[in-house]
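Let's read a structure together, one feature at a time. Take a look, and then we'll start with a single residue.

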Amino acid sequence: MKNNYKLKCLATNEILADDGLLLANPAAAAPALMRSDYDSKTLQIRKDLPGIFRYFDWLPVNREIHSDSAPVTYASKGLGKTLGLDRLYITFSGYWPDIGVSMTTGTFKECEAYAVCARLPADSGTLVLASAGNTARAFMKVASDNHINAVIVIPERGLGNLWSLKEINPCVKIVAVSGNADYSDAIKTANTIATMDGFINEGGAKNVGRRDGMGTTVLSAAETIGEIPDYYFQAVGSGTGAIAAHEANLRLSASGAFSRKMMRLIVSQNLPFIPMVQAWKQKSRDIAPMDEEEAKRQLSAIDAKVLSNRQPPYGITGGLFDALVESDGDIDAVDNDAIRNAQEMFFKLEGWDICPESGVALASLIKRAQDGLIDKNAVVMLNVTGGGMEALAKARQFVMAKPNLTVDKDAAASKDFNKLISVIL
């Protein structure tokens with residue numbers, strides 16, 4: 001199973017062949033994202049393929065792997081009426097069997113994990129990635145189920161997020177970073193490991209598999225609604241999901257299957273950690289440097305712990321700043337009380353539990369609806385990027401993953417780091 005596509009450099013407009021590993025155009029003078037350019041310009045829904053691969057035409061697939069589920073979009077049951085939004089649609093990723101979603105990690109990060117792993121050529125080496133929690137859990141599951149060698153680097157305090165419904169295949173190794181480490185420390189450690197022989201840098205937002213996998217949320221919405229939404233709401237840590245949504249919007253609009261429309265991105269962060277909010281309000285492409293201890297203090301105060309990227313793909317060409325400008329978008333900041341109220345409202349009106357990061361997006365939607373900033377007839381997409389954790393915990397027994405190696409956050413700079421990593425291979 002192999003799709004036909006190439007990669008377009010957003011800085012130079014060059015078209016490059018993809019070997020499944022390419023993260024950037026080596027000829028570009030400045031950092032820029034690549035974007036998938038598919039031979040198929042009109043999306044055909046492949047009901048014969050499992051999970052997200054129903055959207056095979058717009059996924060950078062180089063090999064066949066198993067996929068459990070895909071996002072599901074439905075018309076709001078109670079939120080829309082309460083907020084005065086007649087056409088509110090919820091795209092749910094997570095665990096909610098009653099509506100047909102069975103992502104057993106509880107997060108839409110499964111979408112990107114399946115796409116990244118299906119893009120990766122077989123026998124190409126060991127995939128290395130960093131995560132604050134949800135991404136690690138998703139890649140741990142997908143790599144384990146499909147026997148793909150992977151090293152997952154996570155801050156030690158995020159180990160509680162590394163649960164599974166079954167034992168993890170030994171092909172997946174976990175490296176925990178100690179010393180009050182956060183996501184940025186995990187990224188530094190992962191980047192160092194990826195430079196070693198036999199390892200492959202997964203690439204984060206630069207990996208088109210990540211973005212096109214997460215873009216299936218918008219494909220689900222357009223398929224269900226029959227048109228491109230007017231508004232798109234999502235919480236952001238790196239902003240990769242919102243970039244992906246914008247790119248999916250561009251493909252749908254150009255396909256001829258839908259009326260051309262630029263979906264307005266409304267993304268949100270959790271106070272007090274709001275580096276992208278602050279940059280956007282100044283209409284700046286650059287995020288101001290932050291004192292490390294202050295950043296860690298702010299991160300310790302937020303409910304949505306996974307929204308913790310201190311080095312997001314915000315200002316890079318093709319990044320979140322560009323997506324917001326092109327879509328006439330905006331960024332909101334919401335506090336913990338608003339998040340908790342939003343989570344409670346979703347459970348009361350829609351009947352299911354959602355994660356704090358989904359509560360961030362909903363809190364932003366609630367505030368804008370109450371302030372009269374959204375036309376009641378507008379087509380609104382709320383991207384619920386995680387949920388069903390409480391239901392999973394009640395229905396299934398969790399297996400907690402243990403680190404194969406724990407290193408200090410400064411260990412990557414040590415001359416003995418290679419020896420430390422060789423222990424887990």
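**Salt bridges and a helix crossing**

A: Welcome! Arg340 counts as partly exposed because its relative accessibility is 39% (buried means under 20% relative accessible area, exposed over 50%, partly exposed in between, with a 1.4 Å probe and protein chains only). This is a predicted model, where local features need pLDDT of at least 70 and side-chain atom pairs count only at pLDDT 80 or more, while totals for chains, interfaces and linings use all residues. Residues are numbered from 1 along each chain as its sequence is written, and side-chain values use heavy atoms, with hydrogens and water left out.

Q: Which residue meets Arg340 in a salt bridge?

A: Side chains of opposite charge can pair when their charged atoms come close. A salt bridge is a side-chain nitrogen of Lys or Arg within 4 Å of a carboxyl oxygen of Asp or Glu. Here the partner of Arg340 is Asp303, at 2.7 Å from N to O. Asp303 sits in the loop between α9 and α10 and Arg340 in helix α11 (residues 336-350), so the pair, 37 residues apart, links distant parts of the chain (helices are DSSP runs of H or I with at least four residues, strands are runs of E with at least two, and both are numbered from the N terminus). With 24% relative accessibility, Asp303 is partly exposed.

Q: How many salt bridges does a search of the whole structure find?

A: The search finds 30. One of them joins Lys109 to Glu112, with their closest N and O atoms 3.5 Å apart. Both residues belong to helix α2 (residues 109-119) and are three residues apart, about one turn of the helix.

Q: Are Lys109 and Glu112 buried or exposed?

A: Lys109 counts as buried at 17% relative accessibility, and Glu112 counts as buried at 0%.

Q: At what angle do the axes of α7 and α10 cross?

A: Axes are lines fitted to C-alpha atoms, for helices over the stretch in contact, and angles run from 0 to 180 degrees between N-to-C directions. Helix α7 (residues 240-255) and helix α10 (residues 320-327) have axes that come within 9 Å and cross at roughly 45 degrees. That makes α7 oblique to α10 (under 35 degrees counts as roughly parallel, over 145 as roughly antiparallel, 65 to 115 as roughly perpendicular and the rest as oblique).

Q: Which residues of α7 and α10 make the contact?

A: Contact means heavy atoms within 4.5 Å. Ala242, Ile243 and His246 of α7 meet Leu320, Ala323, Glu326 and Ser327 of α10.
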